[in-house]
Amino acid sequence: MRGIQWRGFGEVNYQVLNQRKPELGTGGFIPGSAGNFYTDDFGLFLTSRLTDKASVLSEIIFEEGDAQSYSLNLRRMLLKYDYNDHLKFSFGRYQTNIGYYNWAFRSAAWLQTTADRPLVMQYASDGGLLPTQAVGVSVTGTIPSGKLGLHYIAEYGSSDTIRPDINGDGLLNDENNGNQINLGLFLRPDTVPGLQIGGSYYHDKISNFIQGPSLRYGQGIVNGYVVYVAHGIEFLNEGFLIRYAALHFSDVVFNTPAFYSQISKRIVHIRPFFRYQYINASPNNSIYNDVGLRLGPSFGARYDLNDYIAFTAQLDHTVRRGEPDLNGLQLQWAFTF
Amino acid sequence: MGARSTATLLLLGLTLLCSARDAEDQDRDVAVVVNTGNPIKNVSLGDLRRIFVGTKHLWPGGQAIKLVTRGPGCSERMALLKLMAMSEIEYKQYWTAQVFRGEADAEPFTVPSVGMQKEALNLFPGAITLVKMTEVKPGMKVLRVEGLLPGEAGYPLR
């Protein structure tokens with residue numbers, strides 16, 4: 001009997017905006033109030049080793065929604081089989097490996113430096129732009145490459161993304177996804193420990209909820225990143241191009257570029273940070289009509305009280321197309337147990 | 001005493017001081033130690049880092065790698081943190097993240113003494129640990145790092 005290993009993650013947040021309208025995800029935000037407490041995700045993480053090469057992993061999330069309702073989300077449930085370092089299989093519900101952030105921080109606020117995820121990396125169920133979950137098979141491993149430290153990622157699975165509008169209008173966009181494929185490469189060179197450079201290409205076919213399920217779009221997501229995490233420095237840079245091309249009307253193409261850049265430096269228990277993010281969805285893009293153009297900085301600091309509890313304070317300034325600039329303050333207690 | 005004799009004495013003193021410092025530096029070298037049944041003789045610094053950050057899980061023969069570390073504060077731990085380019089807080093957060101990512105089952109096995117390190121080496125055929133050069137015991141197999149043994153000039157782990 002090898003037993004089950006348990007871990008837990010949680011967070012308690014207070015967010016105040018200079019408008020009385022929900023924004024950037026729906027985590028318990030009450031329309032008509034400029035400030036709210038909310039708990040967002042509470043996660044239980046279970047693993048069990050079955051044999052020397054096989055194990056099971058699951059991530060059970062209690063996700064806060066509107067009116068302090070909580071939904072249960074089996075965010076990851078994987079049967080893993082590591083044949084060797086070059087060939088590792090995961091079968092089940094996985095988190096798509098689009099970009100670095102999804103892989104590095106998963107869904108635990110405690111692991112992040114900032115109080116929230118960059119908007120482009122938010123979970124789709126919180127209004128994020130990327131398809132974050134799928135059921136299928138994921139294969140990863142190292143490629144013999146000497147000091148280059150090359151790794152690959154190959155995923156094939158069925159997504160079923162339902163994305164709420166981020167402006168609190170209550171609309172849900174069911175993308176009626178097909179089967180997605182995601183291919184990625186990244187390298188961790190020996191010469192610069194802590195450096196990781198990578199990229200991926202994701203493809204699926206989806207529907208535009210507003211135009212009806214029969215109108216299908218090809219969805220292509222190109223990602224590239226350069227990340228350095230060592231000696232107390234965290235420097236994250238990721239760029240995306242999200243492309244929708246109507247399959248039956250060759251001239252209808254929407255390109256949505258997005259990026260974020262984040263830098264922080266640990267000074268004993270305090271980690272001050274700065275982040276800048278940018279998303280530019282065309283006004284004609286009815287899939288991201290709630291997003292539009294958004295750009296702006298966030299800055300603040302995380303304080304680690306001990307190995308289990310962290311407090312983060314963050315200020316955000318967001319410039320929006322056709323709407324007033326948005327200012328926000330986020331205070332967060334994040335913990336692991 | 002002439003000026004020439006004084007210079008000779010000064011040079012001799014300087015040489016002795018440098019030798020003493022070299023010996024002191026060499027004493028600070030930290031050995032990479034594995035189970036005596038492990039056929040590996042040499043490891044590159046890159047592979048050593050990959051092993052201790054938990055991205056390389058298997059020895060070339062297919063044996064699972066078992067990480068054994070010393071607790072915070074001792075010289076072996078300092079050498080490990082230097083190798084991983086992390087502070088103690090970051091080390092703990094890193095391993096919590098590795099477990100949560102599904103890249104590791106648990107944080108490395110931490111033991112409080114060199115005696116327990118030796119026991120762990122005997123118990124786990126795939127074990128690897130760092131031991132201060134002056135505390136290496138019979139029955140511990142010391143690996144070369146980039147072709148160098150602890151105490152040799154240019155040895156990278158201290």
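Modeller: Helices (H or I, at least four residues) and strands (E, at least two) are DSSP runs, numbered from the N terminus. For packing, axes are lines fitted to C-alpha atoms, for helices over the stretch in contact, and angles run from 0 to 180 degrees between N-to-C directions. This is a predicted model, where local features need pLDDT of at least 70 and side-chain atom pairs count only at pLDDT 80 or more, while totals for chains, interfaces and linings use all residues. Residues are numbered from 1 along each chain as its sequence is written, with chains lettered from A and ligands numbered from 1 in the order in which they are written.

Colleague: OK, chain B. At what angle do helix 2 and helix 3 of chain B pack?
Modeller: About 105 degrees, and the axes of helix 2 and helix 3 (residues 75-84) of chain B are 9 Å apart. That makes the two helices of chain B roughly perpendicular, a label for angles of 65 to 115 degrees (under 35 is roughly parallel, over 145 roughly antiparallel, the rest oblique).

Colleague: Which residues meet there, between helix 2 and helix 3 of chain B?
Modeller: From helix 2 of chain B, Leu48(B), Arg49(B) and Phe52(B); from helix 3 of chain B, Leu80(B), Leu83(B) and Met84(B). Contact here is C-beta atoms, placed from the backbone, within 7 Å.

Colleague: Which residues of helix 2 of chain B are buried?
Modeller: Leu48(B), Arg49(B), Arg50(B) and Phe52(B). Buried is 20 or more other C-beta atoms within 10 Å of a residue's own, exposed is 12 or fewer, and partly exposed is in between, with C-beta atoms placed from the backbone. Those buried residues pack against strand 1, strand 2, strand 3, helix 3 and strand 6 (141-145) of chain B.

Colleague: And what comes after helix 2 of chain B?
Modeller: Gly54(B), with a positive phi near 80 degrees. Ala85(B) also has a positive phi, about 55 degrees, although it is not a glycine. Ala85(B) is in the loop between helix 3 and helix 4 of chain B.

Colleague: Is Ala85(B) buried or partly exposed?
Modeller: Partly exposed, because 17 other C-beta atoms lie within 10 Å of Ala85(B).

Colleague: Switching to the sheet: in what order do the six strands of chain B run?
Modeller: The order is 2-6-1-5-3-4, an open sheet of chain B with mixed pairing. Strands pair if DSSP finds at least two bridges between them. Strand 2 (42-43) and strand 4 (109-111) of chain B are the edges, each pairing on one side only. Strand 3 (residues 66-70) and strand 4 of chain B run parallel, joined by three bridges.

Colleague: How many residues of chain B touch chain A?
Modeller: 20 residues of chain B, in contact with 28 of chain A. Helix 4 of chain B gives the most to that side of chain B, with eight residues.

Colleague: Last one. Which residues have the most contacts inside the largest nonpolar core?
Modeller: Val120(A), Leu129(A), Leu130(A) and Ala258(A), in a core of 40 residues. A nonpolar core is a set of buried Ala, Val, Leu, Ile, Met, Phe, Trp, Tyr and Cys residues joined through C-beta atoms within 7 Å. Strand 13 (212-230) of chain A gives this core its largest share, five residues. A second, separate core of 21 residues includes Phe52(B), Leu80(B), Leu130(B) and Val145(B).

Methods
Two residues are in contact if their C-beta atoms, placed from the backbone, lie within 7 Å.
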